[in-house]
Each structure stands twice: as C-alpha cells, then as structure tokens.
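Here's a quick briefing to read with the model open beside you. We'll go topic by topic, starting with a question.

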Amino acid sequence: MSAPVEVVFERRGAGAPLVLLHGIGHHWAAWSPVLDRLAEAHDVIAVDLPGFGRSPVPAAGLPADMPGLVAAIAELFAALGLDRPHVAGNSLGGAIALELAAAGAVSSATALSPAGFCTPRELRWALTVLSLHRNAARLPEPVLRSLFANPALRTLALGMILARPNRMALAEALADARALREARAFRAVARAGRGYAFAGTPAVPVTVAWGTRDRILPYRQAALARTRLPAARHLELAGCGHVPMHDDPELVASVILDTTGARGA
C-alpha cells in the first residue's frame, strides 16, 4: 500500500491501541456494535481495508497475496504511529490478524471465524455465497429497503451471514449492502485468496473464536484451527453466525478484551 494515509478508519477511545479488521466485502462499520465498549479500554482504530468501504484501491494496485496485505497493514501501523497494537479481525480480517501475530507485528490477536482453515471446496462455497449476496446487493435501494424492513425477508436475505438478522438495524443492513456492492477489491482479493491457508506460529496471546451457527466458514473448521494453533485460546461463540459482532456484541467485546488483557477496564 503506497499511500497508507488514504485508508479510511474510525478512531475512538483512549488506551493501548486496538486495530479492527473486517472481512471481504465489508467495511469498518461491521464493528459498530462493539466499538464503544472496546473504546472504554482502548484507542480503537476500525479500518476500511484497501479497496473496501471508503478506502481507495492503492495507486500501485492491490497487494497480490497475503504477505503483501500484511505488509500493507504494517505500513498503516507505522503511518499512524502504532507500535505493535492489539488487533482483532473477522473472516479475512481474522486471517490478517493471525498473520500479523505470526509476524510479531502486534501485541495480541483475536480472530473471529478466520479464513485460512478451510478445504478448497469450503472456500469455494464461502466465496460463492458471498458473491451471490453481492449480486443481490445490486438491487435498487428502495427494493432493498423494503426487503430489510420486513423481519421475515430480512432473515431470508441475511440468514447466511448473521444468526440473528433482526438484531441489525435497517440503516446498518443497507450500509452493509452498499459496502458489499461497491467493494472494488472483492474479486481481486477473492481470486488471490483461493490457495490461502494459515500456517504461522504466533508468539503473542491469540484467541480464535468461532460462531457455532456460522454458515459461511462453518464451525467445524475450528477443529483445524485448534490443530494448527495449539497454543492459542479457542472459544465457541454460542448461537453466533459468521459476523458475530451483531449477533452478540457483549460476548464478542468480552472475548477481545480478555485477549488484550483489558477485561473489566
């Protein structure tokens, strides 16, 4: 990432820095349900990854692979004056968080349903489902508004991503749909990630937490994460889907704060 200052982020709170990384096709606002709770204990920086949300595609192009993306995030840390911040990520962001931990670039990492622990077939499934959601997000906004305003239709539309879709406000559902529709980096990142598997060995505190009702990267993948990361803390997020921040904000915030050592702050 040649110009890290062009990355859009939301910053709140004070204390030890904590960087939040979203999944493919998402944006920093994915963390909105937990942001204020985390900001009670941390200087929280929720990032729009390059080519997602309102962050532009870098002038030099997107990183070609996971090492390049990790290097880009490390550049962002340097630009913001962050020295080994804590990091938490979801899905793609969870994989980046674990890679940053393996590189010694962070003080702790919390990975929520991280990518990197699935079979090629499971990865194709995840990307196919997300691509279908992206196509659906191109419906006219009045149609999306009507769809999300109806509890039954909202459950049908978002039930693959959230276990409890009706906990998401209408405005948040519409904003997520826009972010997915306008995700300029979606195809390139999906293409680059097809052969990715996590294989690092972090030497900092790591928590891997998985939604038991995750239908994108199913909970069974947590078993492989336990095998590859035997020194990490592994938790289940009972009743949560792929984006657990909306399903159970208090549980997710407590898991992150436990990992950073700030629980109860």
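Does Asp43 count as buried or exposed, and at what relative accessibility? At 13% relative accessibility, Asp43 counts as buried, since the cut-off for that is under 20%. Bear in mind that this is a predicted model, and the points below walk through a few spots in it.

**Around Asp43**
- You'll find Asp43 in strand β3, which runs over residues 42–47.
- Its side chain has a polar partner: the side chain of Arg11, at 2.7 Å.
- Beyond its neighbours within four places in sequence, Asp43 is in contact with Arg11, Arg12, Gly13, Ala14, Gly15, Ala16, Pro17 and Leu18.

**Leu38 and the nonpolar core**
- The largest nonpolar core takes in 88 residues.
- Leu20, Trp31, Leu38, Ile96 and Leu100 are the ones with the most contacts inside that core.
- Helix α3 (residues 92–102) gives the most to this core, putting in 7 residues.
- Take Leu38 from that group: setting aside neighbours within four places in sequence, Leu38 is in contact with Leu18, Leu20, Val44, Ala253, Ile256 and Leu257.

**Aromatic rings**
- The count of aromatic pairs comes to 2.
- In one of them, the ring centres of Phe117 and Phe198 are 5.8 Å apart with the planes at 45°, so this pair is tilted.
- Phe117 sits in the loop between β5 (108–112) and α4 (120–136), while Phe198 sits in the loop between α8 (186–192) and β6 (206–211), so the pair ties together parts that are 81 residues apart in sequence.
- Phe117 and Phe198 are both buried.
- Phe117 also pairs with Trp210, this time edge-to-face, at 6.4 Å centre to centre and 75° between the planes.
- Trp210 belongs to strand β6 and Phe117 to the loop between β5 and α4, so here the parts tied together are 93 residues apart in sequence.
- Trp210 is buried, as is Phe117.
- Put together, the ring pairs link Phe117, Phe198 and Trp210 into a cluster.

**Cysteines**
- How many disulfides does the count come to? The count is 0.
- A disulfide is a covalent bond between the sulfur atoms of two cysteines.
- For Cys118, the closest cysteine sulfur is the one in Cys240, and at 20 Å that is too far for a bond.
- Looking from the other end, Cys240 is in no disulfide, with the sulfur of Cys118 as the nearest cysteine sulfur, 20 Å away.
- Cys118 is buried, with a relative accessible area of 16%.
- Cys240 is buried too, with a relative accessible area of 0%.

**Around Arg84**
- Arg84 is in the loop between α2 (66–79) and β4 (86–90).
- With a relative accessible area of 36%, Arg84 is partly exposed.
- Which residues does Arg84 contact, leaving aside its neighbours within four places in sequence? Gly104, Ala105, Val106, Ser107 and Val204.
- Arg84 and Leu18 are 66 residues apart in sequence, and their C-alpha atoms are 9.4 Å apart in space.

**What the record says**
- An unreviewed UniProt entry carries the annotation "domain: AB hydrolase-1" over residues 18–254.
- Across residues 18–254, the chain is 43% helix and 13% strand.
- The end C-alpha atoms of residues 18–254 are 14 Å apart.

Methods: Residues are numbered from 1 along each chain as its sequence is written. This is a predicted model: local features need pLDDT of at least 70, side-chain atom pairs count only at pLDDT 80 or more; totals for chains, interfaces and linings use all residues. Side-chain values use heavy atoms; hydrogens and water are left out. Helices (H or I, at least four residues) and strands (E, at least two) are DSSP runs, numbered from the N terminus. Buried means under 20% relative accessible area, exposed over 50%, partly exposed in between (1.4 Å probe, protein chains only). Contact means heavy atoms within 4.5 Å. Rings of Phe, Tyr and Trp (its six-membered ring) pair if their centres lie within 6.5 Å; planes under 30 degrees apart count as stacked, over 60 as edge-to-face and the rest as tilted. A nonpolar core is a set of buried Ala, Val, Leu, Ile, Met, Phe, Trp, Tyr and Cys residues joined through side-chain atoms within 4.5 Å. UniProt positions are given in the numbering used here, feature names are shortened, and annotations may be inferred rather than shown by experiment. A polar contact is a pair of N or O atoms within 3.5 Å; within protein, one must be able to donate a hydrogen and the other to accept it, and residues adjacent in sequence count only if both atoms are side-chain atoms. A disulfide is a pair of cysteine sulfur atoms within 2.5 Å.
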